[in-house]
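The sequence and the structure are shown below.

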Amino acid sequence: MRLKGQLHIHTTFSDGRLTPQEAADTYARLGFDFIAFTDHDHLLKPSYRDAVTSVKTELMVFFGIELTVGTPFGYVHVSRIEGDTEILHTFNHPGDYGFTMKQTITCINDVAKEYPIDAVEITHHGFLTPEYDIDAIPYPKVASDDSHTTLGCGRAWIEVDCPKDRDSIIRTIKAGDVINCYARGQARAIMLA
C-alpha cells in the first residue's frame, strides 16, 4: 500500500500556528495518510501528548518531539517519533545551521553517538536542499515540511509502500525505501541498501 506521509509538523503546542486538530484537518484535505507531530521540546506546552492523542482524524497520527541537541558547533534538532514499538530519529534540516559540509557530517556523526539517527532531512521548510543528499551522509534521506502554518503544509513529503501501521512505516523509512516528493514536482526514489 502506497502511503503519503509528513514527518515534521509544529502546532500551537510550541511555535506553530495551527492546533493539532487544525493541522490534521489540513493534511487530510491534502490527501495524506499519516502525519507526525514534532513540537519543540524547549517550547512544549503542558498536555501536548493528550492533545495529540485526542485528534479526531482518519489519518494515522504519530506522536513526536523535536529535540534540541547541543553539539560543539551549536544546537541542532533531532525528531524522535514514536511508533507502537519502533522509534524513529531524524536529523532535521541540516541546511538551517550554517555549517560547512565537513562540520555537518561531523555533527551528524557526533549526534548519532547520543541518538540512533535513522534518517536525515534533505529539505528546509519543505524546499529541497540537494547538497545533503550525498553518500557521505550515509542515512536514508527524507523530505518534510517542517510546517508551522497552513501555507507550510504540503510542500514536501514522503511516500512509502508498506502496511498502514506505525511500526511498518518506521521500519520502511529506516530501510531507506522512501520516495521523496515535492509540491513543485521533484521526486526521486531513495534506495540505500
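Tyrosine 48 and phenylalanine 63 are both buried. The model in which they are found is a predicted one.

**Aromatic pairs**

The rings of tyrosine 48 and phenylalanine 63 form a tilted pair, with 5.0 Å from centre to centre and 45° between the planes. Because tyrosine 48 belongs to helix 2 (residues 48-53) and phenylalanine 63 to strand 3, this pair ties together parts that are 15 residues apart in sequence.

The count of aromatic pairs comes to eight. One of them joins phenylalanine 32 and tryptophan 157, whose ring centres are 6.2 Å apart and whose planes meet at 75°, so the pair is classed as edge-to-face; planes count as edge-to-face when they are over 60 degrees apart. Phenylalanine 32 sits in the loop between helix 1 (20-29) and strand 2 (34-40), whereas tryptophan 157 is part of strand 10 (residues 156-161), so this contact ties together parts that are 125 residues apart in sequence. Phenylalanine 32 is buried at a relative accessible area of 5%, and tryptophan 157, at 11% relative accessibility, also counts as buried. The two pairs are set side by side here.

| Pair | Centre to centre | Angle between planes | Class |
|---|---|---|---|
| Phe32 and Trp157 | 6.2 Å | 75° | edge-to-face |
| Tyr48 and Phe63 | 5.0 Å | 45° | tilted |

**Strand 5 and its partners**

Strand 5 (residues 87-91) is mostly covered, four of its five residues being buried. Strand 4 (residues 74-82) runs antiparallel to strand 5 and is joined to it by five bridges, and a hairpin of four residues connects the two strands. Within this pairing, valine 78 has phenylalanine 91 as its bridge partner in strand 5.

Strand 5 is also joined to strand 6 (residues 119-121), in this case by two bridges and in parallel, with threonine 90 standing opposite alanine 119 of strand 6.

In soluble globular proteins, nonpolar side chains tend to be buried together. The largest nonpolar core of this model holds 20 residues, and those with the most contacts inside it are Val69, Val76, Phe91, Val111, Ile117 and Val120. Strand 3 (60-71), strand 4 and helix 3 are the elements that give two or more residues to this core, and helix 3 gives the most, with three residues.

What does phenylalanine 91 touch, when residues up to four places away in sequence are not counted? Its contacts are Val76, His77, Val78, Tyr97, Cys107, Ile108, Val111, Ile117, Ala119, Val120 and Glu121. A second, separate core of 19 residues includes Leu18, Ala24, Cys153 and Cys181.

**The loop between strands 9 and 10**

Serine 147 lies in the loop between strand 9 (141-142) and strand 10 and is buried, with a relative accessible area of 3%. Leaving aside residues up to four places away in sequence, serine 147 touches His8, Ile9, His10, Tyr27, Gly152 and Cys153.

Aspartate 146 lies in the loop between strand 9 and strand 10 and counts as buried at 5% relative accessibility. Although it is not a glycine, aspartate 146 has a positive phi of about 50°.

Most residues other than glycine have a negative phi. Histidine 125, which is not a glycine either, has a positive phi of about 50°. Histidine 125 is placed in the loop between strand 7 (123-124) and strand 8 (127-128), and at 29% relative accessibility it counts as partly exposed.

**Helix 4**

In helix 4 (residues 166-174), the buried residues are Asp167, Ser168, Ile169, Ile170, Thr172 and Ile173. At the start of helix 4, a side-chain oxygen of aspartate 165 comes to within 3.3 Å of the backbone nitrogen of aspartate 167. Following helix 4 is glycine 176, with a positive phi near 80°.

Notes. Residues are numbered from 1 along each chain as its sequence is written. This is a predicted model: local features need pLDDT of at least 70, side-chain atom pairs count only at pLDDT 80 or more; totals for chains, interfaces and linings use all residues. Side-chain values use heavy atoms; hydrogens and water are left out. Buried means under 20% relative accessible area, exposed over 50%, partly exposed in between (1.4 Å probe, protein chains only). Two strands pair if DSSP finds at least two bridges between them. A polar contact is a pair of N or O atoms within 3.5 Å; within protein, one must be able to donate a hydrogen and the other to accept it, and residues adjacent in sequence count only if both atoms are side-chain atoms. A nonpolar core is a set of buried Ala, Val, Leu, Ile, Met, Phe, Trp, Tyr and Cys residues joined through side-chain atoms within 4.5 Å. Contact means heavy atoms within 4.5 Å. Rings of Phe, Tyr and Trp (its six-membered ring) pair if their centres lie within 6.5 Å; planes under 30 degrees apart count as stacked, over 60 as edge-to-face and the rest as tilted.
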